[in-house]
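Here is a short briefing to read alongside the model. Please keep the viewer open as you go through the points.

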Amino acid sequence: MTLGYVPHLPSGSLLFTAIAWRYLLKGAVHKVNSIEEVYGHVGGRKRNLFGERIGFASIALFGGSLSPEEVLIRHTLFGVYSRTLAKHTADSWAQNLVDGRQRNGHLPVQLQRGTFRKLELTTTSLRSCRSCVEKDMDEQGFASWRILHTLPPVHHCPYHGDALITEAEGRAGRNIWDLRLPTGVPIHPPNQHFECASDGYAAYLRLWIDLLNGNLPVLEATSWARCMNAVAERMGSVGNAINELSNLLTMSWNCHPDRLPKVLGNHIQVDFLRLELEHRSTPNRIAQKLVTLGACELHGIVSAKELVSEQLTIPLGSDGKRSLRESRERLICDTLLHAGFP
């Protein structure tokens with residue numbers, strides 16, 4: 001008798017891969033039962049890309065060889081969106097997901113902001129990259145769905161640069177997709193036209209990989225606010241920073257930043273540089289943060305993979321000590337960020 005456990009998936013493979021793999025391993029029968037066995041309750045037929053009831057699912061899929069927290073980080077969208085949250089918020093969210101207290105779609109308030117304006121955090125379709133499929137078949141004998149391929153503002157594979165192809169379309173109700181593995185065969189021809197194929201776009205895609213791998217601590221809410229303060233301070237003002245970063249983005253993306261909302265979709269807001277520099281953005285606006293970060297790296301003012309030091313971001317008094325007012329402002333700022341206010 002087979003237990004139906006699946007092998008360790010490469011980090012960055014979507015948990016849905018393991019569910020489909022297990023279903024096929026057990027003879028591809030009783031689809032509904034197979035899915036509900038993974039999550040341990042009726043109603044587990046949703047796509048569940050963030051990892052609800054991961055404590056149960058990690059045992060059902062991996063036999064406890066990976067901790068629930070490892071599965072969340074390695075194989076769900078928690079591994080993307082939690083990176084922008086304050087640590088205590090991310091830890092609380094993870095615990096709720098592990099315990100099953102977090103129902104699918106009930107995200108932390110910091111990630112819910114703006115979603116009423118159709119800011120979708122995941123695609124409704126399953127997408128793949130032919131190069132990823134070929135690489136997987138060579139290295140592990142089966143292909144995996146990728147976390148980064150489910151992000152709406154990512155139109156090309158961050159690993160290979162290929163245009164992403166749609167293999168299965170979904171509905172807004174978020175019922176489970178067909179339980180199968182990627183083949184690299186699209187259901188309709190991909191759109192080959194892309195306005196901003198450029199060095200800037202390539203750097204933007206690479207930053208998504210760094211984010212998923214946990215290599216961008218600067219995007220954590222409090223660190224990002226301090227980073228934007230540092231950029232504005234170093235350039236003299238928010239206005240100067242916007243002008244300088246706009247010029248750098250125009251050069252690297254081969255188009256003006258005003259065009260990026262049309263190119264990347266509504267994950268990029270109009271006048272996004274000002275919104276980021278003035279702390280009027282939310283943690284779920286990862287795409288525009290990565291675009292902004294790419295420009296800051298080009299300027300040399302920020303190293304994306306390093307935390308911005310306090311010395312750089314917090315102005316000091318003439319005696320080298322932080323003033324009472326500055327300490328109070330920092331406390332208020334941190335409190336608002338942790339509560340989910342931009």
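How close do the axes of H2 and H3 come, and at what angle do they cross? They come within 6 Å and cross at roughly 120 degrees, with axes taken as lines fitted to C-alpha atoms, for helices over the stretch in contact, and angles running from 0 to 180 degrees between N-to-C directions. This is a predicted model, in which local features need pLDDT of at least 70, side-chain atom pairs count only at pLDDT 80 or more, and totals for chains, interfaces and linings use all residues. Residues are numbered from 1 along each chain as its sequence is written, and side-chain values use heavy atoms, with hydrogens and water left out.

**The chain as a whole**

- The protein chain has 16 helices and 2 strands; helices (H or I, at least four residues) and strands (E, at least two) are DSSP runs, numbered from the N terminus.
- Of its 342 residues, 51% count as buried, where buried means under 20% relative accessible area, exposed over 50%, and partly exposed in between (1.4 Å probe, protein chains only).
- Among contacts in the protein chain with a separation of 6 or more, 66% come from residues 24 or more positions apart; contact means heavy atoms within 4.5 Å.
- The accessible surface of the protein chain comes to about 15600 Å², and carbon and sulfur atoms hold 52% of that surface; the areas come from the Shrake-Rupley method with a 1.4 Å probe, and for residues only the protein chains shown count as cover.

**Helices H2 and H3**

- On the H2 side, Glu37, Val38 and Tyr39 meet Phe56, Ala57, Ala60 and Leu61 of H3.
- That contact of H2 with H3 has 6 nonpolar, no polar and 1 charged residues, with Ala, Val, Leu, Ile, Met, Phe, Trp, Tyr, Cys and Pro counted as nonpolar, Asp, Glu, Lys and Arg as charged, and the others, Gly among them, as polar.
- Within H2, the residues Ser34, Ile35, Glu36, Val38 and Tyr39 are buried, and their cover includes H1 and H3.
- Helix H3 (residues 54-62) is mostly covered, with 7 of its 9 residues buried: Ile54, Gly55, Ala57, Ser58, Ala60, Leu61 and Phe62.
- The cover over the buried residues of H3 includes helix H1 (15-25), helix H2 (31-39), H4 and H6.
- Phe62 lies in helix H3 and counts as buried because its relative accessibility is 4%.
- The C-alpha atoms of Phe62 and Leu9 are separated by 9.7 Å, although the two residues are 53 residues apart along the chain.

- The axes of H4 and helix H6 (residues 87-99) come within 10 Å and cross at roughly 110 degrees, so H4 and H6 are roughly perpendicular to each other.
- The contact is made by Pro68, Glu69 and Leu72 of H4 together with Ala94, Leu97 and Val98 of H6, and by class it has 5 nonpolar, no polar and 1 charged residues.
- Arg74 is found in helix H4 (residues 68-75), and its 24% relative accessibility is why Arg74 counts as partly exposed.
- Leaving aside neighbours within four places in sequence, Arg74 is in contact with Leu9, Pro10, Ser11, Gly12, Ser13, Leu66 and Ile147.
- Arg74 and Leu14 are 60 residues apart along the chain, with 8.1 Å between their C-alpha atoms.

**Helices H10 and H14**

- Helix H10 (residues 221-235) packs against helix H14 (residues 286-299) at an angle of about 40 degrees, with their axes 12 Å apart, and that makes H10 oblique to H14.
- Trp224, Met228, Val231 and Met235 in H10 meet Lys289, Thr292, Leu293, Cys296 and His299 in H14; these residues divide into 6 nonpolar, 2 polar and 1 charged.

**A buried loop histidine**

- His149 sits in the loop between helix H8 (130-139) and strand E2 (165-168), and counts as buried because its relative accessibility is 1%.
- Not counting residues up to four places away in sequence, His149 touches Thr123, Arg127, Ser128, Cys129, Cys132, Cys157, Pro158, Tyr159 and Leu164.

Definitions and conventions
Angles under 35 degrees count as roughly parallel, over 145 as roughly antiparallel, 65 to 115 as roughly perpendicular and the rest as oblique.
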